[in-house]
Amino acid sequence: AVKTSPMLEKLVMDAMVGQVNGRPIYANKVLEPVESQLAALGQELPRVVFFDRARDLINRRLEQIVYEQLILGEAERDLTAGERMALTNILREQREQLLAQFMGARGLAERELSRTENLSVEQKLDETRQRILVEKLFREKVINKINVTRKDIERYYRDHEDEFNSPPRRTVHMIRVTGRQDAAYVEDPRNVADSAKAGLIAEDVAGEDFLNPPVLNEVMLKLSEGEYSERVEIGSSYAWVYLASYKPGQSVPLRDVQLKIEQQLRHQQYQKLSLEYRAKLLKDGSFTPMN
């Protein structure tokens, strides 16, 4: 392995690797969150494979950093003077509340935050500031554009009928013989139960009409689970039907699922609008090329 001095390692970790909206991005911001993953991969994988996996991991991390910084930049640009003042007041209150937890002792607050979250007081407040800005931007650019109508809900219900209206399901056995002698054997008290259960013809099948000829289907519909039919004469042959299992169908009315459908459609729109907004930011944003 190539050895480097602690000073060289520090210089590499602190190197600026690019900019987003004129703000510098340093190598340590990229590498520190994935350091443990990189270390594990380096121990497990051959060098060539490691480089490929590490490149993918770092590229994903870079893209996330760029995206977050672009969002933050746009959120800051959209603030009105009144909103800036309101945000300043919120952060002042947050600072007071934070310090109040430590009896106003700034040094104690700094040590405790560093120990528990690896943050300073100002970094903690900056996290709060960024969260407020991003939430505000997403409400305006994504959430406020979500629109699910009653017609959308009804259309989804119709288009996904099987999801809300499931037919009954049955497992059916049938035995069919020709000749009275064979029929008598099947109906012998010593054989009747085993004979009727012998031929599996439909396992966990949905619906009410899947046996032929239709007379067998009519017989099947009259059976309860665990029952077998009397002899059914079909031309020159004889048949018996056994209903091994029965699961009743379920019909859920629209009123019982409309809230669930609405939430699902809203989530779908949120995902779609979020991806579109992300693509627009990455297309139009100002940042050092990812490579």
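Modeller: A salt bridge here is a side-chain nitrogen of Lys or Arg within 4 Å of a carboxyl oxygen of Asp or Glu.

Biologist: Where does the salt bridge of Lys247 lead, and which strands does the pair link?

Modeller: Lys247 forms a salt bridge with Asp204, with 3.5 Å between the closest N and O atoms. The pair links distant parts of the chain, Lys247 lying in strand β7 (residues 237–247) and Asp204 in strand β5 (residues 200–206), 43 residues apart; strands are DSSP runs of E, at least two residues, and helices are runs of H or I, at least four, numbered from the N terminus.

Biologist: What are the ground rules for this model?

Modeller: This is a predicted model, in which local features need pLDDT of at least 70 and side-chain atom pairs count only at pLDDT 80 or more, while totals for chains, interfaces and linings use all residues. Residues are numbered from 1 along each chain as its sequence is written, and side-chain values use heavy atoms, leaving out hydrogens and water.

Biologist: How many salt bridges are there in the whole structure?

Modeller: The search finds 23, among them one between Glu76 and Arg23, whose closest N and O atoms are 2.6 Å apart. That pair also links distant parts of the chain, with Glu76 in helix α4 and Arg23 in strand β2 (residues 23–26), 53 residues apart.

Biologist: Is Glu76 buried or exposed?

Modeller: Glu76 counts as buried because its relative accessibility is 12%, where buried means under 20% relative accessible area, exposed over 50% and partly exposed in between (1.4 Å probe, protein chains only). Arg23, at 33%, counts as partly exposed.
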